[in-house]
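My notes follow in the order I looked things up.

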2 protein chains.
Amino acid sequence: MGLTKTDLFTQHQNELAVFAKALGHPARVAIIEFLLKTDKCICGDIVNELPLAQPTVSQHLRELKEAGLIQGNIEGNAICYCINPRPFEKFAPIFNSFVLQQGTKKVECC
Amino acid sequence: MGLTKTDLFTQHQNELAVFAKALGHPARVAIIEFLLKTDKCICGDIVNELPLAQPTVSQHLRELKEAGLIQGNIEGNAICYCINPRPFEKFAPIFNSFVLQQGTKKVECC
DNA sequence: TCTGTTTATCGTAATATTGCAATAAACAAA
DNA sequence: TTTGTTTATTGCAATATTACGATAAACAGA
(Lines give C-alpha, C1' and ligand atoms only; values in the text may rest on other atoms or scores of the structure.)
Protein backbone atom coordinates (compact mmCIF):
# COMPACT_ATOMS: atom_id res chain seq x y z
CA MET A 1 0.00 0.00 0.00
CA GLY A 2 1.12 3.59 0.59
CA LEU A 3 0.00 4.13 -2.98
CA THR A 4 -2.84 6.50 -3.81
CA LYS A 5 -5.61 4.72 -5.73
CA THR A 6 -5.80 7.34 -8.46
CA ASP A 7 -7.91 5.21 -10.79
CA LEU A 8 -10.82 5.23 -8.33
CA PHE A 9 -11.34 8.98 -8.59
CA THR A 10 -12.33 11.40 -11.34
CA GLN A 11 -9.75 13.20 -13.45
CA HIS A 12 -10.92 16.48 -11.95
CA GLN A 13 -10.43 15.22 -8.40
CA ASN A 14 -6.97 13.91 -9.23
CA GLU A 15 -5.90 17.12 -10.96
CA LEU A 16 -7.03 19.29 -8.08
CA ALA A 17 -5.27 16.94 -5.64
CA VAL A 18 -2.00 17.14 -7.63
CA PHE A 19 -2.20 20.94 -7.62
CA ALA A 20 -2.97 21.09 -3.91
CA LYS A 21 -0.34 18.51 -3.01
CA ALA A 22 2.32 20.55 -4.82
CA LEU A 23 1.45 23.48 -2.54
CA GLY A 24 1.33 21.20 0.50
CA HIS A 25 4.79 22.12 1.77
CA PRO A 26 5.82 25.52 3.14
CA ALA A 27 9.04 25.53 1.08
CA ARG A 28 7.03 25.17 -2.12
CA VAL A 29 4.61 27.88 -1.01
CA ALA A 30 7.65 30.09 -0.39
CA ILE A 31 9.04 29.34 -3.86
CA ILE A 32 5.75 30.24 -5.55
CA GLU A 33 5.43 33.44 -3.53
CA PHE A 34 9.01 34.39 -4.40
CA LEU A 35 8.47 33.76 -8.11
CA LEU A 36 5.32 35.86 -7.97
CA LYS A 37 6.94 38.84 -6.33
CA THR A 38 10.01 38.97 -8.59
CA ASP A 39 9.87 39.84 -12.25
CA LYS A 40 13.04 38.02 -13.11
CA CYS A 41 13.40 34.46 -11.98
CA ILE A 42 16.71 32.69 -11.68
CA CYS A 43 17.19 29.59 -9.61
CA GLY A 44 20.21 30.84 -7.65
CA ASP A 45 18.03 33.51 -6.10
CA ILE A 46 15.61 30.86 -4.98
CA VAL A 47 18.30 28.78 -3.29
CA ASN A 48 19.56 31.86 -1.44
CA GLU A 49 16.02 32.84 -0.49
CA LEU A 50 15.14 29.53 1.16
CA PRO A 51 16.53 28.23 4.46
CA LEU A 52 17.22 24.79 3.00
CA ALA A 53 20.20 23.12 1.35
CA GLN A 54 20.60 23.43 -2.40
CA PRO A 55 19.72 19.80 -3.24
CA THR A 56 16.56 20.08 -1.17
CA VAL A 57 15.49 23.23 -2.99
CA SER A 58 16.27 21.58 -6.31
CA GLN A 59 14.03 18.69 -5.34
CA HIS A 60 11.13 20.99 -4.39
CA LEU A 61 11.58 22.82 -7.70
CA ARG A 62 11.34 19.54 -9.56
CA GLU A 63 8.13 18.63 -7.74
CA LEU A 64 6.57 21.98 -8.62
CA LYS A 65 7.69 21.48 -12.21
CA GLU A 66 6.29 17.94 -12.43
CA ALA A 67 2.97 19.15 -11.04
CA GLY A 68 2.99 21.86 -13.74
CA LEU A 69 3.03 24.87 -11.38
CA ILE A 70 6.32 26.25 -12.66
CA GLN A 71 8.48 25.92 -15.74
CA GLY A 72 12.23 26.17 -16.15
CA ASN A 73 14.20 27.27 -19.18
CA ILE A 74 17.96 26.98 -19.53
CA GLU A 75 19.41 30.49 -19.76
CA GLY A 76 23.14 30.23 -20.35
CA ASN A 77 24.75 29.09 -17.13
CA ALA A 78 21.71 29.49 -14.92
CA ILE A 79 18.14 28.26 -15.21
CA CYS A 80 15.20 30.61 -15.48
CA TYR A 81 12.33 29.32 -13.36
CA CYS A 82 8.95 30.98 -13.46
CA ILE A 83 5.29 30.46 -12.70
CA ASN A 84 3.07 28.59 -15.11
CA PRO A 85 -0.09 30.66 -14.72
CA ARG A 86 -2.44 28.08 -16.24
CA PRO A 87 -3.08 25.80 -13.22
CA PHE A 88 -3.57 28.84 -10.99
CA GLU A 89 -6.09 30.29 -13.43
CA LYS A 90 -7.79 26.92 -13.57
CA PHE A 91 -8.04 26.14 -9.87
CA ALA A 92 -8.43 29.54 -8.20
CA PRO A 93 -12.08 29.77 -9.39
CA ILE A 94 -12.73 26.31 -7.94
CA PHE A 95 -11.79 27.45 -4.45
CA ASN A 96 -14.10 30.42 -4.95
CA SER A 97 -16.94 28.16 -6.02
CA PHE A 98 -16.39 26.14 -2.85
CA VAL A 99 -16.96 29.28 -0.82
CA LEU A 100 -20.02 30.21 -2.88
CA GLN A 101 -21.55 26.74 -2.62
CA GLN A 102 -21.00 26.72 1.11
CA GLY A 103 -22.56 30.16 1.40
CA THR A 104 -25.83 29.04 -0.20
CA LYS A 105 -26.37 26.00 2.02
CA LYS A 106 -29.73 25.85 3.75
CA VAL A 107 -29.29 23.28 6.51
CA GLU A 108 -26.98 24.11 9.38
CA CYS A 109 -26.31 20.99 11.40
CA CYS A 110 -22.92 21.64 13.01
CA MET B 1 14.76 13.32 8.32
CA GLY B 2 11.43 13.02 6.47
CA LEU B 3 10.31 15.79 8.77
CA THR B 4 9.17 19.15 7.42
CA LYS B 5 11.17 22.03 8.91
CA THR B 6 8.13 24.06 9.86
CA ASP B 7 10.04 26.48 12.06
CA LEU B 8 12.01 27.81 9.09
CA PHE B 9 8.94 29.24 7.36
CA THR B 10 6.39 31.91 8.15
CA GLN B 11 3.11 31.10 9.86
CA HIS B 12 1.29 32.14 6.72
CA GLN B 13 3.32 29.76 4.56
CA ASN B 14 2.77 26.90 6.99
CA GLU B 15 -0.98 27.53 7.25
CA LEU B 16 -1.43 27.63 3.49
CA ALA B 17 0.65 24.45 3.18
CA VAL B 18 -1.48 22.65 5.78
CA PHE B 19 -4.64 23.67 3.94
CA ALA B 20 -3.25 22.61 0.55
CA LYS B 21 -1.83 19.36 1.89
CA ALA B 22 -5.24 18.41 3.29
CA LEU B 23 -6.65 18.74 -0.24
CA GLY B 24 -3.66 16.88 -1.69
CA HIS B 25 -5.45 13.56 -2.03
CA PRO B 26 -8.32 12.80 -4.41
CA ALA B 27 -10.31 11.04 -1.68
CA ARG B 28 -10.22 14.17 0.46
CA VAL B 29 -11.18 16.33 -2.53
CA ALA B 30 -14.11 13.94 -3.08
CA ILE B 31 -15.15 14.21 0.57
CA ILE B 32 -15.14 18.02 0.45
CA GLU B 33 -17.09 18.06 -2.82
CA PHE B 34 -19.63 15.63 -1.37
CA LEU B 35 -20.09 17.68 1.79
CA LEU B 36 -20.55 20.80 -0.35
CA LYS B 37 -23.22 19.32 -2.57
CA THR B 38 -25.32 17.78 0.21
CA ASP B 39 -27.20 19.79 2.75
CA LYS B 40 -27.21 17.07 5.35
CA CYS B 41 -23.95 15.46 6.24
CA ILE B 42 -23.68 12.10 7.93
CA CYS B 43 -20.57 10.04 7.85
CA GLY B 44 -22.22 6.81 6.67
CA ASP B 45 -23.11 8.55 3.41
CA ILE B 46 -19.48 9.48 2.94
CA VAL B 47 -18.25 5.93 3.41
CA ASN B 48 -20.79 4.67 0.87
CA GLU B 49 -19.88 7.45 -1.55
CA LEU B 50 -16.16 6.70 -1.63
CA PRO B 51 -14.53 3.67 -3.26
CA LEU B 52 -12.36 2.99 -0.22
CA ALA B 53 -12.69 0.86 2.89
CA GLN B 54 -14.35 2.34 5.96
CA PRO B 55 -11.16 2.66 8.07
CA THR B 56 -9.43 4.45 5.20
CA VAL B 57 -12.29 6.94 4.86
CA SER B 58 -12.28 7.45 8.62
CA GLN B 59 -8.57 8.24 8.44
CA HIS B 60 -9.05 10.79 5.64
CA LEU B 61 -11.88 12.38 7.63
CA ARG B 62 -9.58 12.71 10.62
CA GLU B 63 -6.92 14.41 8.49
CA LEU B 64 -9.43 16.90 7.12
CA LYS B 65 -10.62 17.52 10.68
CA GLU B 66 -7.10 18.01 12.05
CA ALA B 67 -6.34 20.48 9.25
CA GLY B 68 -9.54 22.33 10.19
CA LEU B 69 -11.36 21.88 6.87
CA ILE B 70 -14.29 19.98 8.36
CA GLN B 71 -15.88 19.52 11.75
CA GLY B 72 -17.76 16.56 13.18
CA ASN B 73 -20.48 16.53 15.80
CA ILE B 74 -21.88 13.41 17.45
CA GLU B 75 -25.53 13.09 16.47
CA GLY B 76 -27.03 10.09 18.28
CA ASN B 77 -25.68 6.98 16.70
CA ALA B 78 -24.03 8.64 13.72
CA ILE B 79 -21.62 11.54 13.37
CA CYS B 80 -22.51 14.69 11.51
CA TYR B 81 -19.59 15.87 9.46
CA CYS B 82 -19.66 19.18 7.65
CA ILE B 83 -17.47 21.83 6.06
CA ASN B 84 -15.77 24.43 8.19
CA PRO B 85 -16.12 27.40 5.84
CA ARG B 86 -13.45 29.54 7.54
CA PRO B 87 -10.26 28.14 5.92
CA PHE B 88 -11.93 28.21 2.51
CA GLU B 89 -12.94 31.83 3.01
CA LYS B 90 -9.42 32.58 4.15
CA PHE B 91 -7.44 30.87 1.41
CA ALA B 92 -9.64 31.19 -1.71
CA PRO B 93 -8.74 34.91 -2.04
CA ILE B 94 -5.05 34.00 -1.82
CA PHE B 95 -5.28 31.83 -4.90
CA ASN B 96 -7.01 34.71 -6.64
CA SER B 97 -4.28 37.11 -5.62
CA PHE B 98 -1.75 34.68 -7.08
CA VAL B 99 -3.53 34.94 -10.43
CA LEU B 100 -3.74 38.73 -10.17
CA GLN B 101 -0.07 39.12 -9.23
CA GLN B 102 0.95 36.88 -12.10
CA GLY B 103 -1.26 38.85 -14.49
CA THR B 104 0.50 42.14 -13.72
CA LYS B 105 4.03 40.87 -14.26
CA LYS B 106 6.07 42.86 -16.75
CA VAL B 107 9.00 40.64 -17.64
CA GLU B 108 8.29 37.50 -19.63
CA CYS B 109 11.33 35.27 -19.59
CA CYS B 110 9.93 31.76 -20.05
C1' DT C 1 -29.69 -7.25 28.08
C1' DC C 2 -28.77 -8.56 23.45
C1' DT C 3 -28.26 -7.32 18.61
C1' DG C 4 -27.23 -4.60 14.90
C1' DT C 5 -25.36 -0.15 13.15
C1' DT C 6 -21.97 3.27 12.93
C1' DT C 7 -17.51 5.14 13.52
C1' DA C 8 -12.81 4.99 15.53
C1' DT C 9 -8.56 2.79 16.59
C1' DC C 10 -4.82 -0.62 16.30
C1' DG C 11 -1.55 -3.08 13.84
C1' DT C 12 0.85 -3.82 9.82
C1' DA C 13 2.70 -3.58 5.04
C1' DA C 14 3.93 -0.95 1.07
C1' DT C 15 5.27 3.21 -0.65
C1' DA C 16 6.22 8.31 -0.55
C1' DT C 17 8.30 12.39 1.34
C1' DT C 18 11.79 15.21 3.41
C1' DG C 19 16.42 16.52 3.92
C1' DC C 20 21.26 16.64 3.05
C1' DA C 21 26.24 15.30 1.92
C1' DA C 22 28.70 13.94 -1.87
C1' DT C 23 29.16 14.11 -6.45
C1' DA C 24 28.24 14.94 -11.27
C1' DA C 25 27.05 17.73 -15.19
C1' DA C 26 26.92 21.86 -17.83
C1' DC C 27 28.56 25.95 -18.85
C1' DA C 28 31.14 30.78 -18.64
C1' DA C 29 35.18 33.07 -18.29
C1' DA C 30 40.02 33.44 -17.53
C1' DT D 1 42.31 23.92 -20.74
C1' DT D 2 41.52 25.05 -16.12
C1' DT D 3 38.72 27.21 -12.68
C1' DG D 4 34.69 28.66 -10.66
C1' DT D 5 29.55 28.89 -10.74
C1' DT D 6 25.17 26.90 -11.06
C1' DT D 7 21.94 23.26 -10.97
C1' DA D 8 20.85 18.25 -11.02
C1' DT D 9 21.42 13.60 -9.46
C1' DT D 10 22.64 9.83 -6.39
C1' DG D 11 22.46 7.55 -2.16
C1' DC D 12 20.94 7.28 2.20
C1' DA D 13 18.39 7.82 6.75
C1' DA D 14 14.35 9.28 9.15
C1' DT D 15 9.71 9.94 9.05
C1' DA D 16 5.02 10.29 6.88
C1' DT D 17 1.31 8.61 4.06
C1' DT D 18 -1.88 5.33 2.18
C1' DA D 19 -4.62 1.38 2.67
C1' DC D 20 -7.06 -2.22 4.94
C1' DG D 21 -8.31 -6.31 8.10
C1' DA D 22 -9.39 -6.98 12.70
C1' DT D 23 -11.26 -5.22 16.49
C1' DA D 24 -13.13 -1.95 19.79
C1' DA D 25 -16.31 1.57 21.32
C1' DA D 26 -20.64 3.87 21.47
C1' DC D 27 -25.14 3.91 20.88
C1' DA D 28 -30.26 2.75 19.26
C1' DG D 29 -33.81 -0.26 19.35
C1' DA D 30 -35.92 -4.81 20.22
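I began just after α4(B), where Gly68(B) takes a positive phi of about 85 degrees. Helices and strands here are DSSP runs, numbered from the N terminus (H or I, at least four residues, for helices; E, at least two, for strands). I note that this is a predicted model, in which local features need pLDDT of at least 70, side-chain atom pairs count only at pLDDT 80 or more, and totals for chains, interfaces and linings use all residues. Residues are numbered from 1 along each chain as its sequence is written, and chains are lettered from A and ligands numbered from 1 in the order in which they are written.

**Helix α4(B)**

I checked the length of α4 (residues 54-66) of chain B: at 1.5 Å a residue its 13 residues should span 18 Å, and the end C-alpha atoms are 18 Å apart, which agrees. The expected span is 1.5 Å times one less than the number of residues.

Which residues of α4(B) are buried? I found Val57(B), Leu61(B) and Leu64(B). Buried means 20 or more other C-beta atoms within 10 Å of the residue's own, exposed 12 or fewer, and partly exposed in between, with C-beta atoms placed from the backbone. Seen down the axis of α4(B), the buried residues fall within an arc of 60 degrees, so they line one face of the helix. The arc is taken from the directions from the helix axis to the C-beta atoms. On the other side, Pro55(B), Arg62(B) and Glu66(B) are exposed.

I then looked at what covers the buried residues of α4(B), which includes α1, α2, α3, β1 and β2 of chain B. Contact means C-beta atoms, placed from the backbone, within 7 Å.

**Core**

The largest nonpolar core has 57 residues, and Leu35(A) and Leu35(B) have the most contacts inside it. Such a core is a set of buried Ala, Val, Leu, Ile, Met, Phe, Trp, Tyr and Cys residues joined through C-beta atoms within 7 Å. Not counting residues up to four places away in sequence, Leu35(B) touches Cys41(B), Ile70(B), Tyr81(B), Cys82(B) and Ile83(B).

**Chain A against chain B**

I noted 43 residues from chain A and 43 residues from chain B in the contact. On the side of chain A, α5(A) gives the largest share, 11 residues.

**DNA strand D**

Of the 31 residues around DNA strand D (C-beta atom, placed from the backbone, within 6 Å), those that come nearest are Met1(A), Cys43(A), Gly44(A), Pro55(A) and Gly2(B). I found that α4(A) supplies the largest share of this surface, five residues.

Notes:
Contact = placed C-beta atoms within 7 Å.
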